[in-house]
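Let's take a walk through this protein together. Have a look at the picture, and then we'll go through it piece by piece.

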Amino acid sequence: MASNDSDSQMKIVHGDAGYILEDVPHFADYIPNLPTYPNPLRSNPAYSVVKQYFVHMDDTVPQKVVVHKDSPRGVHFRRAGPRQKVYFKSDEVHACIVTCGGLCPGLNTVIREIVCGLSYMYGVNKVLGIDGGYRGFYSKNTITLTPKVVNDIHKRGGTILGTSRGGHDTGKIVDSIQDRGINQVYIIGGDGTQRGATVIYEEVRRRGLKVAIAGIPKTIDNDIPVIDKSFGFDTAVEEAQRAINAAHVEAESIENGIGVVKLMGRYSGFIAMYATLASRDVDCCLIPESPFYLEGKGGLFEFIEKRLKENGHMVIVIAEGAGQDLLTESMQAMDQKDASGNKLLQDVGLWISHKIKDHFARKDKMPINLKYIDPTYMIRAIPSNASDNVYCTLLAQSAVHGAMAGYTGFTVGLVNGRQTYIPFIRINERQNKVVITDRMWARLLSSTNQPSFLSPKDLEEAKKAESPTQLLEENNCNDVGDAEKEQPPKDEQESGNHTDNGIKTQN
């Protein structure tokens with residue numbers, strides 16, 4: 001294989017048959033002659049019975065899972081997991097963990113498993129929690145984290161470390177890392193946080209420091225690209241169903257009852273889409289990616305009237321970013337942003353509720369009873385469910401294995417059911433969105449029997465906007481309804497089962 005550095009954030013390796021590895025940086029790229037040490041897991045009794053526990057140096061995971069017989073092999077990412085050689089002695093590791101951005105189910109689980117993974121797998125006993133997000137590096141106290149301290153935090157929502165938006169001063173952060181003698185930094189946060197992690201990595205590399213920067217992507221909206229899904233998403237969908245069920249009960253119990261539920265989804269409607277598919281009680285789902293209109297033939301008001309005449313009640317789920325272009329006073333609000341650079345949106349759920357009430361108030365023969373439910377902060381604040389707890393454990397342990405093996409400037413994530421190391425640049429390049437010309441959205445429309453609200457012109461533009469390559473390679477989570485995507489990966493318990501025979505050394 002021939003390799004070349006496209007930039008300091010990603011190494012491109014070309015192989016036969018169109019194989020392309022988008023590799024993550026390593027200490028060896030910029031620090032020569034670093035010593036290596038045998039992985040402590042060799043003598044760890046927990047893994048003494050595991051065959052092929054160490055990941056082969058050439059193990060990669062394809063981004064494109066659907067191929068044709070003449071297709072090139074396409075883009076791959078480095079498979080996550082422990083290596084035979086590590087670049088840190090256990091007693092020299094001084095790690096820190098920071099959480100940034102909004103709350104998400106599973107944050108405490110990730111914190112717990114990073115601490116326990118470092119301690120139980122690698123014998124590390126110096127782990128700090130940075131209090132209050134990025135600004136905590138230089139303006140707040142730290143928290144000493146031990147397995148005992150984090151023992152039961154996964155049972156609580158939120159983050160024991162506290163969080164904040166903004167406050168990113170790269171120079172001060174890296175100065176603090178140096179002053180404290182920290183050499184592993186675990187950064188848990190969304191796309192803005194991962195962009196911050198990128199510039200921290202660049203500054204660490206510029207200074208020639210042996211400091212591993214590892215990201216764990218967090219977004220309850222599931223809008224981070226490349227990865228199958230983000231942690232906390234399953235929990236959010238599960239909890240959203242409770243709000244949908246309450247809206248359904250309210251609507252069903254009164255004449256012409258309408259339940260409106262606003263769910264999270266600033267730019268991407270994944271929670272609304274999956275909660276709708278899961279609940280089966282929703283008559284109409286509105287998301288940011290699919291435009292809709294209110295008045296006239298084929299509009300939302302006409303559909304509501306039709307469904308009320310048929311069933312006597314209905315439930316509407318709307319993502320917070322949907323219909324923002326319809327809000328008459330939205331233009332000024334859309335120019336305002338929070339500390340993380342996200343648009344400050346108006347409450348579309350409240351707005352659409354008033355619009356529906358006003359419309360039917362003018363129709364004397366059809367009085368309605370509308371209930372509006374906004375469970376946003378209830379969903380964000382709960383502990384993660386069983387599925388997300390397992391996923392958080394895999395993410396945390398994968399990050400620990402990567403940092404110990406000398407990788408840096410990477411984020412961990414599930415790609416086609418396998419844990420991988422992904423260059424920061426791929427996580428930051430765009431936002432993942434529901435593809436309304438894809439099968440999953442068609443499944444929702446078939447389930448709810450709602451109109452798409454798209455004109456022929458809108459539909460043609462949507463089809464042109466998404467190429468077949470994008471659908472196959474980049475929007476894996478849009479099609480996770482398929483049976484093979486629903487099943488949990490059989491060997492992601494770090495069993496190392498793969499086609500390579502024997503244990504081979506990581507370079």
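**A walk from helix to sheet**

Asp-191 sits in helix α4, and that's a handy place to begin. Keep in mind that this is a predicted model. So is Asp-191 buried or exposed? Its relative accessibility is 18%, and buried means under 20%, so Asp-191 counts as buried. Leaving aside its neighbours within four places in sequence, Asp-191 is in contact with Ile-224, Asn-428 and Gln-431.

Now step back to Gly-190, which lies in the loop between β11 (184-189) and α4 (191-206). Gly-190 is buried too, with a relative accessibility of 11%. If you skip residues up to four places away in sequence, Gly-190 touches Lys-218 and Ile-224. Ile-224, then, is a contact of Gly-190 and also of Asp-191.

These two residues also turn up in a database record. An unreviewed UniProt entry lists Gly-102, Arg-165, Gly-166, Gly-190, Asp-191, Gly-192 and Thr-193 under "binding site". Those residues are spread over 92 residues of sequence, yet they cluster in space, with a largest C-alpha distance of 12.3 Å.

Let's follow helix α4 itself. It has 16 residues and spans 23 Å from its first C-alpha to its last, close to the 22 Å you'd expect at 1.5 Å a residue. Its buried residues include Thr-193, Ala-197, Ile-200, Tyr-201 and Val-204. What do the buried residues of α4 pack against? Their partners are α3 (170-180), β11, β12 (212-217), β17 (410-415) and α12 (424-428). After the helix comes Gly-208, whose phi is positive, near 70°.

Next, look for an open sheet of 4 strands, in the order β14-β15-β13-β16 and with parallel pairing. At its edges stand β14 (284-286) and β16 (369-373); each has a single partner strand, so one side of each is left without a neighbour in the sheet. From one strand to the next, the twist averages 15°. To spot the pairing, look for Gly-257, which stands opposite Asn-369 in β16.

Our last stop is Ser-353, found in helix α9 (residues 348-361). At 3% relative accessibility, Ser-353 counts as buried. What is Ser-353 in contact with, leaving aside its neighbours within four places in sequence? The answer is Val-260, Leu-370 and Tyr-372.

Methods. Residues are numbered from 1 along each chain as its sequence is written. This is a predicted model: local features need pLDDT of at least 70, side-chain atom pairs count only at pLDDT 80 or more; totals for chains, interfaces and linings use all residues. Side-chain values use heavy atoms; hydrogens and water are left out. UniProt positions are given in the numbering used here, feature names are shortened, and annotations may be inferred rather than shown by experiment. Helices (H or I, at least four residues) and strands (E, at least two) are DSSP runs, numbered from the N terminus. Buried means under 20% relative accessible area, exposed over 50%, partly exposed in between (1.4 Å probe, protein chains only). Contact means heavy atoms within 4.5 Å. The expected span of a helix is 1.5 Å times one less than its number of residues. Two strands pair if DSSP finds at least two bridges between them. Axes are lines fitted to C-alpha atoms, for helices over the stretch in contact, and angles run from 0 to 180 degrees between N-to-C directions.
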